[in-house]
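Have a look at the sequence and the coordinates before reading on.

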Amino acid sequence: MIHIENKQDCCGCWACHNACPKHCIEMKEDEEGFCYPQIDTHSCIGCGVCDKVCPIVNATGEDTPHHQEGFLFQNSDSLIRRESTSGGAFTAIAAEIIHRGGIVFGAGYRPGTFIVEHQPAETIDDLRIFRNSKYVQSRVGTAYSDVLAQLRTGRPVCFSGTPCQVEGLRHFLRGREYMNLICVDLVCHGIPSPHILSLYIERAKQQIGGRFTNILFRDKHYGYHYSSMSIYNSEEKKNYHKGVDSDAYLRAFFSNLSDRPSCYSCRFKKRYRHSDITLWDCFSPEQFTDKLDGNGTTRILTHTAKGTEFINEVVAKAGTVVNVEPDKLTHGVREMFHSVPMNLQRSDFFRDSNAMAPAVFFDKWFPTTLSVRLNTAVRITCHRLGIYNVAKRIFMLFYTRRDER
Ligand SMILES: Cc1cc2nc3c(=O)[nH]c(=O)nc-3n(C[C@H](O)[C@H](O)[C@H](O)COP(=O)(O)OP(=O)(O)OC[C@H]3O[C@@H](n4cnc5c(N)ncnc54)[C@H](O)[C@@H]3O)c2cc1C
């Protein structure tokens with residue numbers, strides 16, 4: 001029977017919940033807003049299936065190298081690319097599945113709410129809900145069981161999620177290969193708390209007012225290189241856009257305060273994975289080619305012949321693709337290989353989150369100081385002058401050189 005002694009040993013993938021033959025594992029939120037399995041010991045028959053499907057209990061570490069192929073991709077539909085986090089590769093992959101009569105599972109808002117959960121899409125229009133990275137842990141719910149039911153009908157199925165969610169599905173399927181399944185994972189920084197997001201939304205509602213129609217964590221309002229947290233409102237003049245320097249939620253995320261405990265020692269940060277396709281950002285495509293613009297590029301790494309064939313099929317229809325040697329594509333990608341370090345103030349941060357009113361909490365942890373205002377003004381000015389990317393690179397160069405000394 002699965003027993004979580006240390007919270008770092010549960011990634012919240014929901015594989016045990018889906019696999020339990022007695023349906024006696026509930027996923028319950030803790031005080032940080034992350035879900036953990038809770039077993040009804042009276043109904044449990046001790047079959048041990050929950051342990052067998054746990055991707056952490058059964059983690060093997062780095063896998064043996066296999067053949068990979070690397071690509072850069074830009075979707076030729078400018079609206080899709082604008083709405084996507086990077087180059088809109090995921091929508092292109094998912095659309096191909098739909099064209100083949102299949103079904104796609106990904107992370108989107110539960111209708112009428114800003115709760116992120118895994119759900120199915122069966123039309124091209126429905127794929128819109130998956131676009132743009134949601135920086136909060138998705139509730140997988142019964143998605144793995146639903147994937148299996150669809151696989152058994154022979155229909156093409158695409159499952160997408162964080163590396164731990166894809167590993168959760170693979171273990172739930174007990175390693176059985178399905179030719180009609182394409183698994184797409186991401187390079188993942190870490191996954192923040194739904195509790196912090198709900199406090200953030202509560203505060204935003206008090207401060208902005210109106211009715212929120214969408215929340216984008218990686219909006220291209222100021223361009224791909226200075227993406228913003230955007231809250232769209234039914235009253236357009238109340239739309240909110242702030243970048244990583246000034247938005248409290250993004251500041252918490254990139255300070256490594258709000259991630260799930262297991263993210264700080266993630267078992268799935270590696271190059272050779274159990275997905276068919278891995279996607280992540282490419283902020284400097286010019287480093288590889290002069291064929292791509294600066295409005296968003298996805299890096300794609302395929303792990304299986306099925307994944308490569310699929311990408312070749314997709315890209316021929318949906319956009320511009322450039323082949324890049326996998327060693328070059330993955331070189332220096334920190335988040336692919338290394339967990340983020342836990343912020344030493346994390347427990348104080350969560351303690352305050354449960355003790356303070358949302359506005360007081362965020363103002364305490366992320367005050368809008370003069371330096372924050374200056375930083376934002378410089379970034380927006382650089383963006384307006386069209387020199388944001390160049391200025392950022394010069395800054396990074398200086399910063400890196402100074403660190404090296
Ligand atoms: C939490 C998180 C952290 C990330 N960290 C990094 C990073 O450090 N470095 C980097 O280069 N790239 C990172 N990425 C990946 C990157 O943001 C893009 O998802 C990737 O470039 C693909 O973009 P796209 O334009 O092709 O597709 P998009 O349309 O942006 O793709 C969206 C895809 O992401 C999935 N998704 C969105 N939110 C979630 C979620 N909460 N949980 C599970 N799946 C989700 C959707 O199901 C869909 O498959 C991260 C993504 C997420 C969700």
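## The ligand and its shell

The side chain of Ser160 puts an N or O atom 2.9 Å from an oxygen atom of the ligand. That falls inside the cut-off for a polar contact, a pair of N or O atoms within 3.5 Å; within protein, one must be able to donate a hydrogen and the other to accept it, and residues adjacent in sequence count only if both atoms are side-chain atoms. Ser86 also reaches a ligand oxygen through its side chain, at 2.7 Å, while Gly88 uses a backbone N or O atom, 2.9 Å from an oxygen of the ligand. On its own the ligand would expose 900 Å², and the protein buries 97% of that (areas by the Shrake-Rupley method with a 1.4 Å probe; for residues, only the protein chains shown count as cover).

The shell has 33 residues, and the closest are Thr85, Ser86, Ser133, Lys134 and Val187; a residue is near the ligand if one of its heavy atoms lies within 4 Å of it. By type, the shell splits into 12 nonpolar, 16 polar and 5 charged residues (Ala, Val, Leu, Ile, Met, Phe, Trp, Tyr, Cys and Pro are nonpolar, Asp, Glu, Lys and Arg charged, and the others, Gly among them, polar). S11 gives the most, with 3 residues.

## Ground rules

This is a predicted model, so local features need pLDDT of at least 70 and side-chain atom pairs count only at pLDDT 80 or more, while totals for chains, interfaces and linings use all residues. Residues are numbered from 1 along each chain as its sequence is written, and side-chain values use heavy atoms, with hydrogens and water left out.

## Helix H4

Is H4 mostly buried or exposed? Of its 11 residues (89–99), 10 are buried, so the rest of the structure largely encloses this helix. Buried here means under 20% relative accessible area, exposed over 50%, and partly exposed in between (1.4 Å probe, protein chains only). Helices (H or I, at least four residues) and strands (E, at least two) are DSSP runs, numbered from the N terminus. The buried residues of H4 include Phe90, Ile93, Glu96 and Ile98. After H4 comes Gly101, with a positive phi near 85 degrees.

## Nonpolar cores

The largest nonpolar core has 37 residues, and Tyr144, Val147, Phe159, Leu169, Leu173 and Leu181 touch the most other members. A core is a set of buried Ala, Val, Leu, Ile, Met, Phe, Trp, Tyr and Cys residues joined through side-chain atoms within 4.5 Å. Helix H5 (residues 143–152) supplies the largest share, 5 residues. Apart from this core lies another, of 33 residues, among them Tyr109, Ile201, Phe361 and Trp365.

## Two buried polar residues

Asp352 sits in helix H12 (residues 346–355) and is buried at 5% relative accessible area. Its side chain makes polar contacts with the side chains of Trp365 at 2.9 Å and Arg351 at 3.3 Å.

His195, in helix H7 (residues 194–208), counts as buried at 15% relative accessibility. The His195 side chain makes a 3.4 Å polar contact with the side chain of Asn354. Beyond four places in sequence, His195 is in contact (heavy atoms within 4.5 Å) with residues including Glu31, Gly33 and Phe350.
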